[in-house]
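Subject: Structure handover, chain interfaces

Hello,

Here is the structure we spoke about, with my notes on how its chains meet. Please read the notes with the coordinates open.

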There are 4 protein chains.
Amino acid sequence: MKKRIGILTSGGDCPGLNAAIRGVARASYDLLDCEIIGIKGGYKGLIDADYKVMASHDFSGILTRGGTILGTHRTPFKQMRKIEEDGIDKVANMVKHYNQLKLDCLVTIGGNGTHKNANLLREEGLNVIGLPKTIDNDIYGTEMTFGFHSAVDIATEVIDRIHTTADSHDRVMLIELMGHKAGWLTLFSGIAGGADVVLIPEIPYSEEKVYEALEERRKKGKDFSIIAVAEGAVNKEEAAMSKKDFKRYREEMPFQTVSYRLANQISTNLGFETRVTIPGHQQRGGSPSAYDRVLATKLGAYAARLIAEENYGNTVSIVNNKLRATPLEDMAAKLKLVTRDDDLVKTGEAVGLTYGD
Amino acid sequence: MKKRIGILTSGGDCPGLNAAIRGVARASYDLLDCEIIGIKGGYKGLIDADYKVMASHDFSGILTRGGTILGTHRTPFKQMRKIEEDGIDKVANMVKHYNQLKLDCLVTIGGNGTHKNANLLREEGLNVIGLPKTIDNDIYGTEMTFGFHSAVDIATEVIDRIHTTADSHDRVMLIELMGHKAGWLTLFSGIAGGADVVLIPEIPYSEEKVYEALEERRKKGKDFSIIAVAEGAVNKEEAAMSKKDFKRYREEMPFQTVSYRLANQISTNLGFETRVTIPGHQQRGGSPSAYDRVLATKLGAYAARLIAEENYGNTVSIVNNKLRATPLEDMAAKLKLVTRDDDLVKTGEAVGLTYGD
Amino acid sequence: MKKRIGILTSGGDCPGLNAAIRGVARASYDLLDCEIIGIKGGYKGLIDADYKVMASHDFSGILTRGGTILGTHRTPFKQMRKIEEDGIDKVANMVKHYNQLKLDCLVTIGGNGTHKNANLLREEGLNVIGLPKTIDNDIYGTEMTFGFHSAVDIATEVIDRIHTTADSHDRVMLIELMGHKAGWLTLFSGIAGGADVVLIPEIPYSEEKVYEALEERRKKGKDFSIIAVAEGAVNKEEAAMSKKDFKRYREEMPFQTVSYRLANQISTNLGFETRVTIPGHQQRGGSPSAYDRVLATKLGAYAARLIAEENYGNTVSIVNNKLRATPLEDMAAKLKLVTRDDDLVKTGEAVGLTYGD
Amino acid sequence: MKKRIGILTSGGDCPGLNAAIRGVARASYDLLDCEIIGIKGGYKGLIDADYKVMASHDFSGILTRGGTILGTHRTPFKQMRKIEEDGIDKVANMVKHYNQLKLDCLVTIGGNGTHKNANLLREEGLNVIGLPKTIDNDIYGTEMTFGFHSAVDIATEVIDRIHTTADSHDRVMLIELMGHKAGWLTLFSGIAGGADVVLIPEIPYSEEKVYEALEERRKKGKDFSIIAVAEGAVNKEEAAMSKKDFKRYREEMPFQTVSYRLANQISTNLGFETRVTIPGHQQRGGSPSAYDRVLATKLGAYAARLIAEENYGNTVSIVNNKLRATPLEDMAAKLKLVTRDDDLVKTGEAVGLTYGD
């Protein structure tokens with residue numbers, strides 16, 4: 001009997017989603033007698049029974065395309081159990097539609113929120129397999145997520161371009177990169193682009209340390225500097241605040257972003273001319289890099305193998321550089337953050353980079 | 001007797017400066033018995049007698065490099081005649097050093113400010129030839145300046161990436177591009193990137209017209225839109241202000257840039273989710289495009305021909321798609337701005353773009 | 001009454017076809033009450049009555065895409081009048097279907113062959129408008145065709161990469177670029193990439209002159225050189241042959257391409273290590289450059305204006321850097337080739353490039 | 001007392017050499033009191049005592065640059081012990097100069113040949129540390145070498161471009177990629193680019209299997225196909241030949257490369273139009289990718305740590321995704337080749353790719 005496989009993509013978009021969908025589908029057709037049901041717009045599609053029975057040719061020509069052919073939507077974990085808000089029992093709906101569609105399993109492709117929801121469905125007794133995607137690379141239990149290296153390539157190209165012009169105008173250039181909680185993208189791109197200062201959420205900075213680093217360079221005759229800042233970077237005072245205080249504090253801050261504030265501080269205190277660059281959603285767009293296409297394809301094809309083995313309740317991950325199944329219950333509520341003693345942090349420091357701590 | 005040729009680059013840096021320097025130098029060596037003197041750091045180098053006698057090999061390997069091997073500096077025209085400020089008679093110094101260096105002519109590579117200064121030196125009796133560079137393409141008397149198409153390529157790539165992600169998240173994305181006075185870069189990139197709204201300094205916008213365009217798209221089922229905004233774009237109220245009033249008004253505005261303000265207005269008034277991207281100095285950096293390398297080389301080689309003919313007091317320009325010498329006195333105080341009936345403006349409108357006017 | 005506009009794309013594909021189709025369509029919808037009929041697979045679609053009535057949304061999202069949504073096919077002019085071959089009166093068919101479809105005009109987008117066929121249909125009394133596309137830039141009567149600058153960007157990037165490695169290994173690197181009859185692409189990219197030798201069909205070369213140039217560089221301590229060769233480049237002996245003799249001669253040549261032969265000659269005669277790179281169809285692929293998107297859009301929008309004015313029988317061209325209508329009868333049988341005194345040729349020479357003549 | 005550290009780069013150039021040099025140098029300055037001696041032109045520089053005492057600023061601005069500031073040279077292992085050829089005792093010279101320079105250790109950056117030579121010097125009693133670079137990724141004992149992912153990015157971009165044009169012209173396109181012995185680059189890029197057939201040295205192919213795959217696609221209405229071929233790919237007959245027979249056989253083959261032969265066979269036997277693209281040395285050129293810059297920096301910084309610990313006789317490698325020291329004697333004579341059961345090979349197959357075996 002044909003296996004019926006549901007697939008959905010959930011959360012913020014990133015390069016490689018289509019490559020992963022294609023990987024799951026093609027490898028499933030190859031290994032199994034199966035039918036694939038595309039759930040539209042993430043978990044919302046499962047809540048609302050919005051889906052499409054896919055044909056083999058639907059997966060042709062999508063490997064290199066950005067975005068997702070299934071659509072995506074942010075469906076916060078917090079909302080899942082809250083029936084009162086809209087009167088809809090979302091979890092019950094998902095279970096009901098899963099059964100109505102006679103699914104044998106559901107493949108969910110997404111980031112941390114997606115995996116929390118996947119684990120919730122697992123707890124409800126559904127057969128779920130997760131695939132880890134995010135430009136933040138902050139999913140616990142896997143060494144790498146797809147989307148990350150595509151974003152790194154873009155961010156590094158931005159830093160490269162800024163370097164050329166910084167050099168000829170003796171300016172301090174701030175580049176604000178994505179990452180509210182995790183600094184992997186800023187850290188990796190900062191090292192790749194030869195930044196002088198890297199500020200990330202996990203390592204609260206002090207303005208004085210940043211000033212020192214810039215002054216140090218000035219003394220050596222280097223009148224320009226490159227600062228890579230994660231959008232979620234905080235200084236030591238902010239790091240010490242309660243969540244609530246911090247939120248109010250930031251809302252009242254007369255600067256749109258942390259970079260504008262720091263740029264202002266640097267020009268006021270050190271007299272440097274400063275410029276802010278915010279690549280923004282550039283970092284999520286366009287065709288996935290070769291690395292991400294292959295990673296997404298590998299993860300997708302491995303998911304098909306797990307389906308063939310009826311080995312459910314896992315996310316496909318990379319551990320010790322090898323494909324592996326990691327139980328959803330072990331990883332779904334955790335975050336993989338940069339630690340001060342990470343090899344990458346140490347490498348950056350060894351080649352002259354400052355973290356401002 | 002050897003001709004002695006001085007070269008300097010002045011104003012903001014942009015891709016193609018080195019290609020132009022190489023073009024002048026190599027073609028001069030080819031046509032003439034000559035020696036080339038590199039003036040360092042723009043006009044400042046001529047004021048301070050900071051220079052270097054160049055050798056042929058100094059011009060090797062620089063065609064593809066960003067920045068300028070001669071260095072650059074902004075030396076405002078306004079300051080030229082003001083001796084009192086620093087007690088230096090800048091114009092007299094330049095004339096003196098030109099004579100001490102026994103220069104037969106001076107090639108000045110730069111934008112509008114550079115050309116004003118070049119014309120001033122011409123009035124002082126020096127033999128000057130200008131080369132038009134700027135990412136703004138706003139130099140009067142030439143159809144094209146080098147640097148422009150390199151910046152267009154970068155800005156268009158940014159819009160492309162934003163498009164992918166805008167589409168899958170139903171957002172209004174604002175991309176703020178360079179251009180304080182001239183909108184050529186935003187206009188050209190906006191058409192190339194398929195933007196829905198383009199706002200430029202020359203065409204003051206009304207918020208209502210922008211809202212209308214977004215609502216129009218929403219009605220057609222297109223819940224995302226791309227707005228390309230020049231950093232110098234102004235709405236109709238601002239356009240009507242005096243220069244002084246405008247300056248104060250902007251300083252008090254609680255938004256770092258025009259895009260953040262408009263994004264805020266759009267989300268408040270129409271309920272769209274909005275995101276701002278500011279590519280910033282990305283637009284000036286990196287290797288020149290093929291187009292700009294060839295343009296800069298052609299302009300440079302033509303300058304050498306003018307030197308051989310002792311035809312001074314001109315800038316090398318493109319008129320009717322052909323190389324030409326345009327008298328400095330005819331163009332030095334003017335600006336080439338976008339007009340409402342420009343072919344490019346009309347083309348954009350014909351394919352569905354809105355200017356908000 | 002609604003105007004009925006047919007559109008077809010014909011000949012080899014190149015970046016910008018979809019941008020041009022979109023330009024024609026959107027500007028026509030804007031200016032006119034009209035219906036657009038997409039003819040599939042070039043003239044073949046008109047011969048076979050293979051077409052589709054297009055809707056406005058068919059033209060969305062295609063600006064940046066390579067290829068052509070209408071499909072293309074090479075339908076040689078030579079075959080048009082030859083009924084005997086397949087028993088089909090192709091010209092009569094095209095006229096018949098044009099009338100059956102009640103077309104008011106036909107927009108044909110393509111290169112030289114396409115324009116010859118367009119002129120033939122004009123002679124048959126149809127209302128035809130041409131749009132000039134080709135990576136070769138060899139269409140008579142227009143200063144620029146779209147597709148050219150996209151190809152130049154790719155070819156130049158190839159030369160750049162080769163430069164890096166040539167330098168560190170002291171080799172003569174040959175890069176064979178597209179162009180059977182016209183050398184514009186090789187010439188422009190060669191100058192942009194800083195090639196040392198450029199060989200193009202219009203300027204037959206002698207091996208001795210090439211050797212001299214390489215030896216000259218060796219004497220100056222430059223042990224590597226970059227040679228950009230058009231695939232249609234010929235030496236002086238070949239240039240003197242009859243067409244028939246040349247064809248046989250080339251078929252018997254024990255080298256797949258002209259570059260392999262020259263590489264062999266150079267290593268045998270001068271002892272240099274040589275390497276051949278053939279970017280091939282890379283040069284036709286991928287998304288159009290910003291320049292080409294805007295050019296194709298401008299040409300397309302101008303075609304709509306000509307339709308509104310019922311000004312038929314022309315191709316849309318660029319003359320003196322301005323949009324213009326050029327009569328098909330004046331340009332359809334001619335080719336725009338590089339001449340020895342072209343400004344670009346002179347510029348290359350002035351900066352040290354050799355043409356081997 | 002200052003530690004004296006020698007560094008050399010050897011073998012074919014590839015992106016990331018300068019990043020690795022910078023990593024070693026900066027991390028050494030950070031960890032140690034040391035002086036760095038740059039050996040010029042690979043082992044040749046140690047044989048001839050051609051070197052330069054480096055200053056800290058020599059390592060600035062080189063992170064993003066292709067090539068190597070130290071120069072490189074191929075010095076085959078086979079020649080090392082052969083004194084008779086040129087009368088020079090190369091090994092003795094290297095030991096002598098190592099001692100004269102009072103080196104505490106020597107860091108050798110290169111591929112398989114480089115590591116064999118490094119091991120030889122280790123056997124002579126010198127303190128050696130290797131760093132693995134090659135676009136082939138075929139160094140035994142490490143999961144990854146720098147240079148590989150930069151080459152993959154370039155090769156994948158080529159395949160992408162070819163895809164666009166293949167599609168609209170119904171052709172079989174062959175792309176010949178680098179790799180004489182190892183197929184990693186072709187395999188990875190082939191999967192990333194969505195190739196239909198991948199032919200690599202480790203998996204000898206039969207023409208019939210390739211034909212079958214193409215016919216299979218034709219039956220499904222897909223009249224175009226993409227074949228990625230490693231330059232060292234062989235068919236089953238060739239794989240069965242002795243080395244000597246094979247060499248003669250290939251020399252007599254009337255095709256410059258394996259791709260031209262296969263293209264000819266396919267068009268003759270199946271009637272497809274075919275085109276060959278050979279990106280060639282493009283694959284070795286240009287700025288390293290972000291991935292490679294970080295990998296090279298990490299490996300370099302780790303080498304400095306090994307020097308600080310006086311832990312010599314190793315190459316720095318990646319095992320289980322972590323930095324590690326692998327003894328030179330364990331890896332120097334071995335090659336890491338693709339095996340039929342590799343995860344990447346299986347992944348490719350699962351998503352529909354054919355290896356022709």
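Between chain B and chain A there are eight residue pairs in polar contact, counting pairs with both residues at pLDDT 80 or more. That threshold applies because this is a predicted model, in which side-chain atom pairs count only at pLDDT 80 or more. The number of salt bridges between chain B and chain A is zero.

The largest share comes from α6(B), with nine residues. Sorted by class, the chain B residues on this side are nine nonpolar, 17 polar and six charged.

In total, 32 residues of chain B are in contact with 33 residues of chain A. The two chains bury about 2600 Å² between them, and carbon and sulfur atoms give 52% of that area. In chain B, the residues that lose the most area to chain A are R161(B), Q256(B) and H281(B), which together account for 26% of what that side buries.

Chain A and chain D

Chain A also meets chain D. Here 38 residues of chain A are in contact with 38 residues of chain D. The area buried between chain A and chain D is about 3000 Å², with 58% of it on carbon and sulfur atoms. V294(A), A350(A) and V351(A) lose the most area on the chain A side, together 17% of what that side buries.

How many salt bridges are found across the interface of chain A and chain D? The rule finds four. One pair in a salt bridge is R305(D) with D343(A), where the closest N and O atoms are 3.6 Å apart. The count of residue pairs in polar contact between chain A and chain D is 12, again with both residues at pLDDT 80 or more.

Several elements of chain A give two or more residues to the side that touches chain D: α1 (17-31), α6 (148-169), α7 (184-192), α12, β11 (322-327) and α14 (343-350). Of these, α12(A) gives the most, with eight residues. By class, this side of chain A has 14 nonpolar, 11 polar and 13 charged residues.

The helix pairs

Two packed helices are described by the angle between their axes and the distance between the axes. For helix α12 (residues 290-308) of chain A and helix α14 (residues 343-350) of chain D, the axes come within 9 Å and cross at roughly 75°. An angle of 65 to 115 degrees counts as roughly perpendicular, and α12(A) and α14(D) are therefore roughly perpendicular to each other. From α12(A), the residues V294(A), T297(A), K298(A), A301(A) and R305(A) meet D343(D), L344(D), T347(D) and A350(D) of α14(D). This contact of α12(A) with α14(D) is made up of four nonpolar, two polar and three charged residues.

Chain B and chain C have a helix pair of this kind too. The axes of α12 (residues 290-308) of chain B and α14 (residues 343-350) of chain C come within 9 Å, crossing at roughly 75°. That angle makes α12(B) roughly perpendicular to α14(C). The residues that meet are V294(B), T297(B), K298(B), A301(B) and R305(B) in α12(B), and D343(C), L344(C), T347(C) and A350(C) in α14(C). They divide into four nonpolar, two polar and three charged.

On the chain B side, D343(B), L344(B), T347(B) and A350(B) meet V294(C), T297(C), K298(C), A301(C) and R305(C) of chain C. By class, the contact of α14(B) with α12(C) has four nonpolar, two polar and three charged residues.

Which closest C-alpha distance separates chain A and chain C? Their closest C-alpha atoms lie 11 Å apart, and no contact joins the two chains. Chain B and chain D are likewise not joined by any contact, and their closest C-alpha atoms lie 11 Å apart.

Regards

How values were computed: Residues are numbered from 1 along each chain as its sequence is written. Chains are lettered from A and ligands numbered from 1 in the order in which they are written. This is a predicted model: local features need pLDDT of at least 70, side-chain atom pairs count only at pLDDT 80 or more; totals for chains, interfaces and linings use all residues. Side-chain values use heavy atoms; hydrogens and water are left out. Axes are lines fitted to C-alpha atoms, for helices over the stretch in contact, and angles run from 0 to 180 degrees between N-to-C directions. Helices (H or I, at least four residues) and strands (E, at least two) are DSSP runs, numbered from the N terminus. Angles under 35 degrees count as roughly parallel, over 145 as roughly antiparallel, 65 to 115 as roughly perpendicular and the rest as oblique. Contact means heavy atoms within 4.5 Å. Ala, Val, Leu, Ile, Met, Phe, Trp, Tyr, Cys and Pro count as nonpolar, Asp, Glu, Lys and Arg as charged, and the others, Gly among them, as polar. Buried area is the accessible area (1.4 Å probe) that two parts lose on being put together, summed over both. A salt bridge is a side-chain nitrogen of Lys or Arg within 4 Å of a carboxyl oxygen of Asp or Glu. A polar contact is a pair of N or O atoms within 3.5 Å; within protein, one must be able to donate a hydrogen and the other to accept it, and residues adjacent in sequence count only if both atoms are side-chain atoms.
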